[in-house]
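Welcome! Please have a look at the structure first.

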Amino acid sequence: NDRTAVAMIGLGPMGQAMTRALLAAGHPVTVWNRTAARADGVVAAGAARAATPSDALGAAELVVLSLTDYAAMYDILSGHEDALAGRTVVNLSSDTPDRTREAARWFTERGARLLVGGIMVPAEVVGTPDAFVYYSGPREVLDAHAAALGVIGRPEYLGADPGLAQLYYQAVIHCFLSALAAFLHASAMVATAGVSAKEFLPHAVAMADSISSYLPEAAGEFDARDYPGEQASVAMMGAGAEHVLETSRAAGVDTTLPEAVASLYRRAVAAGHGARGWTVLSEVVRHDLT
Ligand code: NDP
């Protein structure tokens, strides 16, 4: 049958949620966590407790890591490297693409294979139909363990370069974090006139919903490096960005975020691109403005 013996190393909110989902789907799970007491809940739910990382590795066809970063992985696995040969490891911890590429080499040197993943949903969504996970690295690992990994969330395979999963992850999280910070910033702006965030909310939601409609054209212009959108020129959009900055400053709210946005427009204008479409900011962020 397609039940896979899984070792789950790392039992923060994500590791615990994945363990519970795997157990519920009938996969046996052996767990190890640095702080042993954190395993108590999932052990009560049916997971087996490993005394050491080596024991966890030895019990598994598939090793899943869910840690704060890749440094935690080296802290845990160094000293247990003999147990790695022949193992298949999926690291679902967040880190930079370069660190994940380096880790792929580290496992190869120890006779193991690494599939890199990035879980794109919070712990409470893990194991539900809304959950999805970016993967990169050896495709055959994903295919061989599709049953167990599919329990965590829908796999989205991005390619053989192990760095891709965390590159996409960090890029998407950047959109997420920037937009969330912008919402709080905007709420602070209107709060200076006694407007509550709840009153302002429908306006922010309408704008958030409309942003996706700008992206297809922006993507085409980014790829073509051609920015014909004179209807929304850098000069016009940049003047708007300066007004946001001045309004924030006058209101006494933080200026970090509007300053950063205005700076992109200023540099595009300074390079002589004021009459081009706003997507010429692509040249500023790519750092090869000519
Ligand atoms: P944490 O990021 O808090 O990770 C906690 C785990 O890492 C614990 O098991 C902790 O052990 C272990 N750990 C950290 N440092 C070390 C170390 N030096 N040596 C040994 N173990 C260490 O928990 P989450 O479960 O929230 O996140 C796991 C990963 O999933 C992260 O990379 C996060 O970015 C990512 N993620 C999280 C989401 C979320 O909503 N929480 C959503 C999507 C992705 P101990 O218990 O002993 O401290």
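Which residue just after α12 takes a positive phi? That residue is G272, with a phi of about 90°. You are looking at a predicted model, in which local features need pLDDT of at least 70, side-chain atom pairs count only at pLDDT 80 or more, and totals for chains, interfaces and linings use all residues. Residues are numbered from 1 along each chain as its sequence is written, and side-chain values use heavy atoms, with hydrogens and water left out.

**Domains**
- The domain assignment, which is automatic or from a database, gives domain 1 (6–166) and domain 2 (197–285).
- Between the C-alpha centres of domain 1 and domain 2 there are 39 Å.

**Helix α12**
- Helices (H or I, at least four residues) and strands (E, at least two) are DSSP runs, numbered from the N terminus.
- Helix α12 has 15 residues (256–270) and should span 21 Å at 1.5 Å a residue, which agrees with its end C-alpha atoms being 21 Å apart; the expected span is 1.5 Å times one less than the number of residues.
- P258, A262, S263, Y265 and A268 are the buried residues of α12, where buried means under 20% relative accessible area, exposed over 50% and partly exposed in between (1.4 Å probe, protein chains only).
- Those buried residues pack against α8 (164–191), α11 (234–251) and α13 (281–285).

**Residue A48**
- A48 sits in strand β3 (residues 48–49) and is partly exposed, at a relative accessible area of 36%.
- Apart from neighbours within four places in sequence, A48 is in contact (heavy atoms within 4.5 Å) with V29, T30 and V31.

**Pockets**
- A pocket is an open set of points on a 1 Å grid over the protein atoms alone, where a 1.4 Å probe fits, with protein on both sides within 12 Å along at least five of seven lines; lining residues have an atom within 4 Å of a point.
- The largest pocket holds about 2400 Å³ of space, a volume being the space filled by probe spheres set on the points.
- Its lining has 39 residues, and S178, A182, I211, V261 and W278 lie nearest the centre of the largest pocket.
- α8 gives the most to the lining of the largest pocket, with eleven residues.
- The second largest pocket has a volume of about 530 Å³.
- Of the 26 residues lining the second largest pocket, G10, G12, S66, L67 and T68 lie nearest its centre.
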